[in-house]
Amino acid sequence: MDTTALTPAEPEKEPAPQPSPPREIELKLELAPADWKRLARAPFLAEPLAAAAKAKRTEATYFDTPDGRLRKAGVSLRLRRTGAKTVQTAKASEGVAAGLFDRTEVEAETAGETPDLALLDGTPFEALFSKRKVREGIAPAFTVSMRRRTLIVTDGGFVAEMVVDEGSVTAGERSEPVCEIELELRAGAAADLFAFARRIAESVPARLGFRTKSDRGYALLAGEASRVVKKIEVALDPAMSAGAAFQAIARACLAQLVANEEALRSLGAPGAIHQSRVALRRLRAAISLFKIVVEDERRRAVSAELKWMANALGAARDLDVQIATMVEPARAAEPDDPDLAHLAAAFAARREAALADAREASLGERYRLMLVDTAAWIEAGAWLEGERPQRDAPVAEFAARLLRKKRKRIAREGADLAALDADTRHEVRIEVKKLRYATEFFESVFATPHVAGETAKEARKQAKKAARKATARHAAMLSLLETLQEDLGALNDLAVGARMSEGFDASDEALARGFAKLARPDAEEAFEEHMAAAVKAHRKLANANPFWSV
């Protein structure tokens, strides 16, 4: 209901309570058609398959406006035909912040070949579909043809619907095969659903999936191949609990990691390894930042597995950086130097081996199970059980306290940066990175400060002023953190650069000469420059106005 539509003549009228939209708790796994055939022979599926009805053919058409207004709003609209029955479904992902495994959905049986938008009146989708350009612009965008089999899986008090889809998504002349399993919880705990998913992933190489069929269709429409996905933004409600905020942040990080899998495995998309590591670092940072909220017997194990995968990608990423920042510039300056050519070849060979190791890790069972286990812990870990004041406190309170503590620690530990050794300075950099991630995570929590006023108009005016101030302070602090992190990173690179030859053949004289030619003649000057910039940024950070207190 749009409360701004109320007239002054009826201020005392209470708006009718709006029912909570239907929610579904589901989990998706992607696999190859041949792997589904193997899984269908598994003993634990024998009874559900025997009791299941025959597979049904479904044909679905997804609709949007020519300029993609529904996609931009995070909404999909489809008509799915199964036999003589047609069902219209509107579904909103609500962004990853709302959950990877639960989505608002409105379904209704309908007739005809075009959507009946009147069925969305009085639903969370009414505002979007009441817009003239949306209502008048709706047209078919792509089609999904599936052979669908539905099973009911039970185990004690656990009941889940298991839907297996095999088919294709088609957009114009482009088509893509699809085989996926969707598990929807009907009874029991969410942990049971993840345990069953893990059983599947142990039986066949099924992978945790977040791409919807509409995601696939839109990618085909755009002609997108494997693409690199940068951080997924998270919008937090200041009134939500710290525990719910952690889940939203962690889901976004996990979604970014999974979104980069295809690009990572193909090894053809620049930045795939880097963004996969960013997703892992952000997720590990979130677990560390929310430690007091999520502490349980599984937290360390989850974080350790994420660190294992980050390390598996680390060698390739480090070599990418070294080649781009040191080897290639040296080669460009001396293209005919045989020692540098030999060195470049050695780096290239080592990089290829590191890429192969990274790809192998991303294809392995350990990684696949890590994703399922991590998602299970985020959604249904023991940290969610019982009473826990820190978990249930408003995120605004938790975030303000955390941000103050982190900044104070950086101010104390980096008070004399120039006197610190390289390892200790690197530890300060890690804390700076965590505060930077926290600053990004919690931006929306403090973006709209609550300000009182003598009148509603005055309150809105003061709130806008406070919001502008909070936004400016947030941008300033984030800029300082980025600068400090970059300069500390440059200092670390100078320290690491002196050890670049470690691991290469020490008896190779041409290689040794090549490394000698990589030595920066301005290393001392560069060190002093970055140190001065880091000290300046650190001082400004310690004195900056906090965006969490306006």
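Just after helix α7 (residues 213-222), Gly223 takes a positive phi of about 70°; helices (H or I, at least four residues) and strands (E, at least two) are DSSP runs numbered from the N terminus. The model is predicted, so local features need pLDDT of at least 70 and side-chain atom pairs count only at pLDDT 80 or more, while totals for chains, interfaces and linings use all residues. Residues are numbered from 1 along each chain as its sequence is written, and side-chain values use heavy atoms, leaving out hydrogens and water.

- Helix α7 is largely enclosed by the rest of the structure, because seven of its 10 residues are buried; buried means under 20% relative accessible area, exposed over 50%, and partly exposed in between (1.4 Å probe, protein chains only).
- The buried residues of α7 are Lys213, Ser214, Arg216, Gly217, Tyr218, Ala219 and Leu220.
- Val178 belongs to strand β8 (residues 174-187) and counts as buried because its relative accessibility is 4%.
- Apart from neighbours within four places in sequence, Val178 is in contact (heavy atoms within 4.5 Å) with Met146, Asp165, Glu166, Gly167, Ser168, Val169 and Arg216.
- Between Val178 and Ile430 there are 252 residues in sequence and 41 Å in space, C-alpha to C-alpha.

- Of the 18 residues of α8, 16 are buried, and the helix is mostly covered.
- The distance from the first C-alpha of α8 to its last is 26 Å, close to the 26 Å expected at 1.5 Å a residue; the expected span is 1.5 Å times one less than the number of residues.
- Phe290, with neighbours within four places in sequence set aside, is in contact with Ala242, Ala245, Phe246, Ile249, Phe398 and Phe442.

**Cavities**

- The whole structure holds two cavities of 30 Å³ or more; on a 1 Å grid over the protein atoms alone, a cavity is a set of points where a 1.4 Å probe fits but cannot get out, and lining residues have an atom within 4 Å of a point.
- The largest cavity has a volume of about 40 Å³, a volume being the space filled by probe spheres set on the grid points, which are joined across faces, edges and corners.
- Its lining consists of Thr58, Ala60, Tyr62, Arg80, Val144, Met146, Arg148, Asp165 and Lys213.
- Strands β2 (56-64) and β6 (139-155) are the elements that give two or more residues to the lining of the largest cavity.
- The second largest cavity, of about 30 Å³, is lined by Ala422, Arg425, His426, Leu488, Leu491, Asn492 and Ala495.
- Helix α18 gives the most to the lining of the second largest cavity, with four residues.

**Phe527**

- Phe527 is placed in helix α20 (residues 523-543) and counts as partly exposed because its relative accessibility is 28%.
- Leaving aside neighbours within four places in sequence, Phe527 is in contact with Arg425, Leu491 and Leu494; Arg425 and Leu491 also line the second largest cavity.

Key. On a 1 Å grid over the protein atoms alone, a cavity is a set of points where a 1.4 Å probe fits but cannot get out, and a pocket is an open set with protein on both sides within 12 Å along at least five of seven lines; lining residues have an atom within 4 Å of a point.
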